[in-house]
Every structure is written in structure tokens, then in C-alpha cells.
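Could you have a look at this one with me? My notes are below, in numbered points.

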Amino acid sequence: MKKAFLLFACGPLLLACGSDDTSATKAKEDYTLAEESVPAQDSTTGANLSAVARQPQVDTSVTKIGTAPTGGAVAVGAKLMEGSDCASCHRENEKLIGPGYREIAAKYPNTAANVTMLAKKIITGGQGNWGEIPMTPHPGLSQKDAEEMTKYILALK
């Protein structure tokens, strides 16, 4: 008798579990919606926060190479620079061993002649324009790639 009672009592529970997942999904969605509709409070000020304010923030720092919203050919130069050794001597906003990229962009107007001249300097190296420390040559770099990198640097004004 006890076994029959347990069977009749547990049978509907077993049938309800896992056979129809939509009710569990619906309950989870209802809980999520209810949780988002209740404003959270900032623990330091007690002010209400919206759901957007509680989401993780994305690093949008523009000090990293290639993060400026430039696109097109300039983005190609940024990608080439990421794969090179430029960052060992240069930074975007400050002098390291060599000048910062923005300092270079301020000195040279973005003209075809300057792009060609600076690309040749990247390939052959140079000394004297920015101090006594010579720039390391990059003979394995093609003229086209060096020009793309130069276009990126000169676009940083």
C-alpha cells in the first residue's frame, strides 16, 4: 500500500520534471525581467542605478595603437605597426627612445612626399632629426608597408 501511494504521489512530479522545458525557461525570463526592472542602488551614494549602469564597461582607451576610429588604409598601417617592433622605441603620446607618433605627425604634414620620405627612413634607418640616438633600420619591410605605417602615424594629429 505504501509503495502504491509513493508511486501515485511521485509519478506526477517525475512527469513534470524535464518533459516541458518552456515553463522553466519562462520562469527564468520572468525573474530576469523582474530583476532588471528593480533599480539597483549605488552602495556609496544610495542613488538608483539603471540596468545599463550595472553592465561591465568596455575599455575604450585611445592610447593603444589601432584603437582610433580611423578605418580604411590608416587601419592597415595600425595593424602593421602592431606586428612590428615599433613599440620598443616609440609610443603614441610620449617620447620613449624615439619621438612619439603624435610628435612626428605634428612635425611633418600629411603629404605624399613626406609619406614616401618617412617610409624610406623607416626602412633605411636614420639619425639626427630627433637627437643623437639612431633609428634602427627595417630592411625586411616593403616600401608599401612602410608607407601604410607612415600614413597611420601622420593621421594621428
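1. First, the ground rules. This is a predicted model, so I kept to its own cut-offs: local features need pLDDT of at least 70, side-chain atom pairs count only at pLDDT 80 or more, and totals for chains, interfaces and linings use all residues. Residues are numbered from 1 along each chain as its sequence is written, and side-chain values use heavy atoms, with hydrogens and water left out.

2. The overall layout: six helices and two strands, in the order α-α-β-β-α-α-α-α from the N terminus. Helices here are DSSP runs of H or I with at least four residues, strands are runs of E with at least two, and numbering starts at the N terminus.

3. On burial, 19% of the 157 residues count as buried. Buried means under 20% relative accessible area, exposed means over 50%, and partly exposed is in between (1.4 Å probe, protein chains only). The protein exposes about 11100 Å², and carbon and sulfur atoms supply 63% of that (Shrake-Rupley method, 1.4 Å probe). Among contacts between residues at least 6 apart in sequence, 48% join residues at least 24 apart; contact means heavy atoms within 4.5 Å.

4. Now the helix pair. Helix 5 (residues 112–124) packs with helix 6 (residues 143–154) at about 115 degrees, with the axes 8 Å apart. The axes are lines fitted to C-alpha atoms over the stretch in contact, and angles run from 0 to 180 degrees between N-to-C directions. The crossing is right-handed, a label that goes with the near helix being turned clockwise from the far one by less than a right angle.

5. Who meets whom there? Helix 5 brings Asn 114, Val 115, Thr 116, Leu 118, Ala 119, Lys 120, Ile 122 and Ile 123, while helix 6 brings Gln 143, Ala 146, Glu 147, Thr 150, Lys 151 and Leu 154. By class, this contact has seven nonpolar, four polar and three charged residues. Nonpolar covers Ala, Val, Leu, Ile, Met, Phe, Trp, Tyr, Cys and Pro; charged covers Asp, Glu, Lys and Arg; the others, Gly among them, are polar.

6. Thr 150 counts as buried because its relative accessible area is 2%, and it touches Asn 114, Val 115, Leu 118, Ala 119 and Ile 122, not counting residues up to four places away in sequence. Leu 154 is buried too, at 2% relative accessibility. Beyond its neighbours within four places, Leu 154 contacts Ile 104, Ala 105, Tyr 108, Pro 109, Asn 110, Val 115 and Leu 118. Leu 154 and Ile 104 are 50 residues apart in sequence, yet 7.2 Å apart from C-alpha to C-alpha.

7. In the loop between helix 5 and helix 6, check Pro 139. Is Pro 139 buried or exposed? Pro 139 counts as exposed, at 70% relative accessibility.

8. Last, the loop between helix 3 (72–82) and helix 4 (101–107), which holds His 90. His 90 is buried, at 13% relative accessible area, and its side chain reaches the backbone oxygen of Pro 99 at 2.7 Å. Ser 88 sits in the loop between helix 3 and helix 4 as well; Ser 88 is partly exposed, at 46%, and its side chain reaches the backbone oxygen of Asp 85 at 2.6 Å. Leaving aside neighbours within four places, Ser 88 contacts Leu 96 and Ile 97.

Conventions. A polar contact is a pair of N or O atoms within 3.5 Å; within protein, one must be able to donate a hydrogen and the other to accept it, and residues adjacent in sequence count only if both atoms are side-chain atoms.
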